[in-house]
Amino acid sequence: MAEEILRLEHIQRELELSRDVRQTIIPNLSLTIERGEFLAITGPSGSGKSTLLYIMGGLDKPTSGRVYLDGEDITDTDEREMTRIRNRKIGFIYQFHFLLPEFSALENVSMPMLIGGRLTRSETRERAMMLLDMVELQDKYSNKPSQLSGGQQQRVAIARALANEPTVLLGDEPTGNLDSRSADNVYRLFDRLNRELGQTVIVVTHDEEFANRAGRRIHLVDGRIESDRRLREREPAPAT
Ligand SMILES: Nc1ncnc2c1ncn2[C@@H]1O[C@H](COP(=O)(O)OP(=O)(O)OP(=O)(O)O)[C@@H](O)[C@H]1O
Ligand SMILES: [Mg+2]
């Protein structure tokens, strides 16, 4: 049975540019995403892709409409509670990586686990190493972001996003600043996470090839879903 993981109902997002000038970024958008889906979101610059992704991850609130994450209505959840839910359920990869510059790769990946407080220090360290190994940074544990290439920094950000086994992995053009080889590695990693672990992945991208490799593809124009195509079946939930 398909299990609904994210549901957006009649989302509208307006911006107040000045006292009497309002801009509608998303007029009325509804969308349901199931566990194990690999969704790519494409669309021209300014079409509302980031806004949509931020709303999905509870980083932005819609002006009206409702957002359900993993069966829970998070529309009116306050910031404090939202931070807690995000730490547990959302792995977010920003367009620019936002690693903490003072900390090593290992420490950056450990951070969400230390905040989550569910693992001991040594468990945290072990899992951080495992995640860095997975993104092939086994020899960069101690490097600070400034001592890593752009592609390596982005892979640290991905490892960090996966730290707390998020229900949903959200990426906002996670390969935007990478050369094609590094970008390809990142795609392959997402693909593997989705196929092997049943990880639900939602990625904004303007890479056509990548978008076509996803299981489902949504094209956004002026905050509206212009097309919603299923390219392959979602991955079955992994055995637990
Ligand atoms: N902080 C803001 N202040 C004013 N306008 C904003 C702000 N954030 C977004 N917008 C407007 O909202 C619209 C959608 O922006 P959004 O960032 O969601 O687009 P996008 O599809 O992610 O674009 P890109 O591909 O360039 O990243 C844009 O037209 C932009 O003008
Ligand atoms: Mg954007």
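Author: Let's start where helix 3 meets helix 4: Ala105, Leu106, Val109, Ser110, Met113 and Leu114 on the helix 3 side touch Arg121, Thr124, Arg125, Arg127, Ala128, Met129, Leu131 and Leu132 on the helix 4 side. Contact here means heavy atoms within 4.5 Å, and helices (H or I, at least four residues) and strands (E, at least two) are DSSP runs numbered from the N terminus.

Keep in mind that this is a predicted model, where local features need pLDDT of at least 70 and side-chain atom pairs count only at pLDDT 80 or more, while totals for chains, interfaces and linings use all residues. Side-chain values use heavy atoms, without hydrogens or water, residues are numbered from 1 along each chain as its sequence is written, and chains are lettered from A and ligands numbered from 1 in the order written.

Back to that pair: helix 3 covers residues 105-116, helix 4 covers residues 121-134, and they pack at about 125° with axes 9 Å apart. Axes are lines fitted to C-alpha atoms, for helices over the stretch in contact, with angles from 0 to 180 degrees between N-to-C directions. Helix 3 and helix 4 are therefore oblique to each other (under 35 degrees is roughly parallel, over 145 roughly antiparallel, 65 to 115 roughly perpendicular, the rest oblique).

Now helix 5 (residues 150-161) and helix 6: their axes come within 10 Å and cross at roughly 15°, which makes the two roughly parallel. Gly151, Arg155 and Ile158 of helix 5 meet Ser182, Val186, Leu189 and Phe190 of helix 6.

Rings of Phe, Tyr and Trp (its six-membered ring) pair if their centres lie within 6.5 Å, with planes under 30 degrees apart stacked, over 60 edge-to-face and the rest tilted. There are seven aromatic pairs in the structure. The Phe38 and Phe210 rings have centres 5.9 Å apart and planes at 70°, so they are edge-to-face. Phe38 is in strand 3 (residues 38-42) and Phe210 in helix 7 (residues 208-213), so this pair ties together parts 172 residues apart in sequence. Phe38 and Phe210 are both buried (under 20% relative accessible area; exposed is over 50%, partly exposed in between, with a 1.4 Å probe and protein chains only). Phe210 also pairs with Tyr187, this time stacked: 3.7 Å centre to centre and 15° between the planes. Tyr187 belongs to helix 6 (residues 180-197), 23 residues from Phe210, and Tyr187 is buried too.
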